[in-house]
Amino acid sequence: MSIPMVALTSEPRANEAPREVWGQTLCDLTAAGANTVVLDGDLANSTRADIFAECYPDRFFEMGIAEQNMAGVADGLATLGYVPWLSSFAAFLTSRDLDQIRVVIAQPGLDVKICGGYSGILTGKTGKTHQSVEDIATFRALPGIDVVAPADGRELRAAMAALSVSGRPAYLRLTRDPSPVIFPDSYVFEIGRAVLLREGADLGIISTGVQTVRALDAAESLGSAGYSVAVLHVPTIKPLDVEAIVALAEQTDLIMTAEDHSIIGGLGGAVAETLGEHRPTRMKRVGIQDRFGESGPNDALLKKYGLSSEAMVEQAQALLTSTR
Amino acid sequence: MTQNRRSLRTTSELDDLSARTRELILRSVFKAGAGHIGGPLSVTDILVNLYFDRLRVDPTQPELPGRDRLILSKGHSSIALYTVLALRGYFPVEELDTFDAVDSRLQGHPCMKTLPGVDMSTGSLGQGLSPGVGMALGARRSKLDFRTWVILGDGEIQEGQIWEACFVAARYRLSNLTVILDYNRLPQFGWPSETGYTREVPIDDPAAKFSAFGWATVECDGHDHDALRDAFDKAEANDDRPTAIIANTIKGKGITFMEANHNWHARVPTQEELDAAIAELATRSLAGVGRS
Ligand SMILES: Cc1ncc(C[n+]2csc(CCOP(=O)(O)OP(=O)(O)O)c2C)c(N)n1
């Protein structure tokens with residue numbers, strides 16, 4: 001099988017803030033006819049739900065600092081045909097609300113979009129209480145919920161359009177700070193589809209969320225060092241594009257995963273499960289090594305926790321030389 | 001909202017329906033060899049009164065957008081809800097025999113996905129009021145005239161999420177939302193005291209608590225159909241805030257040896273106990289003492 005290749009944008013690299021894209025896209029989708037409502041846990045000016053609150057005050061419901069109730073209220077609104085989007089931090093929505101999401105959203109399959117702002121460890125110097133290193137793992141284990149982690153603002157926009165009409169619950173993983181735009185404007189997002197961003201024969205990097213940008217940078221450096229490295233971007237961790245992952249392993253016979261999340265149960269876990277069952281392949285998981293984070297500037301955190309593109313290059317080189 | 005509704009059933013008809021419901025609850029739990037007894041018998045009259053006298057619902061069209069909504073937040077009392085739905089015509093009474101069985105629509109705890117007529121999935125206590133708030137908010141925004149009723153257990157309201165929901169409901173002045181507290185004062189296990197386990201809920205004077213959160217409150221005898229009718233009328237007449245009805249009930253109501261006995265929270269009767277219980281229901285309803 002050949003994996004569909006998506007050309008990256010040829011525009012010069014520019015940053016876009018996912019949270020602003022999120023707030024604006026909610027308005028755009030509603031203007032285009034979506035029956036959106038947004039529920040906020042007193043964080044609208046952080047998550048940028050305030051953009052929506054300004055456009056559609058009658059579709060915005062402040063719920064106060066009471067996230068468990070918020071999940072349930074969203075659920076009641078969903079029974080009336082509204083499509084509720086939740087605004088809070090990933091850390092709170094995915095752990096404090098887990099039972100609510102399990103019983104009244106996932107089990108009845110109600111169409112609620114759980115939007116975890118400030119996911120991973122790049123959360124604006126807030127530290128471990130506000131970071132989520134386990135949210136993908138938790139949500140991946142919940143039956144009936146799609147798990148989506150876009151790489152840039154354009155993919156986020158496209159993903160939101162798809163989720164808005166999917167008719168089932170989803171967890172949308174968002175990152176706080178601006179990140180480079182890598183996709184062209186014409187990019188088409190499909191729930192459950194992975195996209196090949198770079199071909200290669202020596203190593204396949206499989207990445208998700210904003211780590212894909214760093215994976216591309218790492219592949220570029222490795223290219224200069226003489227290695228042919230592919231990058232497969234997996235924006236939908238569930239449902240997982242098993243075919244594309246297996247096909248990449250066939251092509252490269254060596255796999256590295258990259259994510260701003262624990263290596264346990266996230267993308268790395270999902271890929272290991274998949275390959276273990278379908279095509280055992282030597283692999284390395286790059287992500288957070290079973291520990292909590294801390295506060296600090298993004299660059300310092302990326303470095304310390306081994307998530308920078310330089311760290312990926314090092315890991316890749318070790319992997320490539322040890323198998324040769 | 002319609003106030004002082006036309007009574008659809010006489011009080012004695014409702015009493016008969018309550019007795020019939022209690023009998024079917026006991027038979028279903030006996031047949032399934034599992035399930036709860038105390039809570040279902042406690043909430044029976046409330047459910048009968050709602051479904052046969054109050055709710056604007058049509059069993060032949062369970063998804064009607066304008067229907068009143070009922071959330072049984074204390075989902076472990078599912079068999080009481082299933083029985084009343086069956087008697088009301090949502091599905092054949094014989095289907096109660098499938099309670100708790102594999103592939104049955106009558107799951108241990110109510111599932112809105114499998115059973116038409118169930119407005120919200122419940123079972124994890126403390127969660128049912130929040131969807132009720134969502135329904136009431138949505139009804140207001142969609143200009144739908146229905147009322148949302150949520151039945152809570154007194155043990156259940158120890159959950160903090162209940163009070164999150166209460167605060168938000170009052171903040172949005174959701175007068176189209178009514179809580180009925182099944183105040184039987186017994187949870188499953190209870191609390192320790194100097195003299196052993198008290199088996200009592202720690203929530204004294206729930207009316208004061210709801211009222212502190214900005215709700216209107218009404219108290220009534222939760223086994224007296226006339227009293228329930230009055231309380232529901234009062235709740236519907238409040239047009240500026242949500243109402244909590246504190247319905248004083250008895251866990252295991254209707255069967256002397258089960259009443260106010262925490263051991264019957266979730267015990268399956270033996271054949272002899274079942275026979276004795278059903279015999280008692282028959283004499284009570286003949287004598288018209290089904291009513292408290
Ligand atoms: C979150 C949660 N915790 C515990 C239980 C187990 N449980 C089921 S019923 C019950 C007691 C409920 O007491 P109450 O709300 O007073 O109901 P009732 O007495 O009317 O049966 C408990 C603890 C549960 N279903 N959900």
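In this predicted model, chains A and B meet through 23 residues from chain A and 20 residues from chain B. On the chain A side, α4 (67-79) and α6 (98-106) each supply at least two of the residues that touch chain B. α4(A) gives the most, with nine residues. By class, this side of chain A has eleven nonpolar, nine polar and three charged residues.

The two helices also meet each other. The axes of α4(A) and α6(A) come within 9 Å and cross at roughly 5 degrees. Angles under 35 degrees count as roughly parallel, so α4(A) and α6(A) are roughly parallel to each other. Gln68(A), Ala71(A), Gly72(A) and Asp75(A) make the contact from α4(A). Gln100(A), Ile101(A), Val104(A) and Ile105(A) make it from α6(A). Four nonpolar, three polar and one charged residues form this contact.

Chain A also holds a sheet. Five strands form an open sheet in the order β9-β11-β10-β13-β14, with mixed pairing. β9 (195-198) and β14 (282-288) of chain A are the edge strands, and each pairs on one side only. Neighbouring strands are turned by 25 degrees against each other on average, direction ignored. β13(A), residues 254-262, runs parallel to β14(A), and six bridges join them. Met256(A) stands opposite Lys284(A) in β14(A).

| Helix | Strands crossed | Angle |

Technical notes. Residues are numbered from 1 along each chain as its sequence is written. Chains are lettered from A and ligands numbered from 1 in the order in which they are written. This is a predicted model: local features need pLDDT of at least 70, side-chain atom pairs count only at pLDDT 80 or more; totals for chains, interfaces and linings use all residues. Two residues are in contact if their C-beta atoms, placed from the backbone, lie within 7 Å. Helices (H or I, at least four residues) and strands (E, at least two) are DSSP runs, numbered from the N terminus. Ala, Val, Leu, Ile, Met, Phe, Trp, Tyr, Cys and Pro count as nonpolar, Asp, Glu, Lys and Arg as charged, and the others, Gly among them, as polar. Axes are lines fitted to C-alpha atoms, for helices over the stretch in contact, and angles run from 0 to 180 degrees between N-to-C directions. Angles under 35 degrees count as roughly parallel, over 145 as roughly antiparallel, 65 to 115 as roughly perpendicular and the rest as oblique. Two strands pair if DSSP finds at least two bridges between them.
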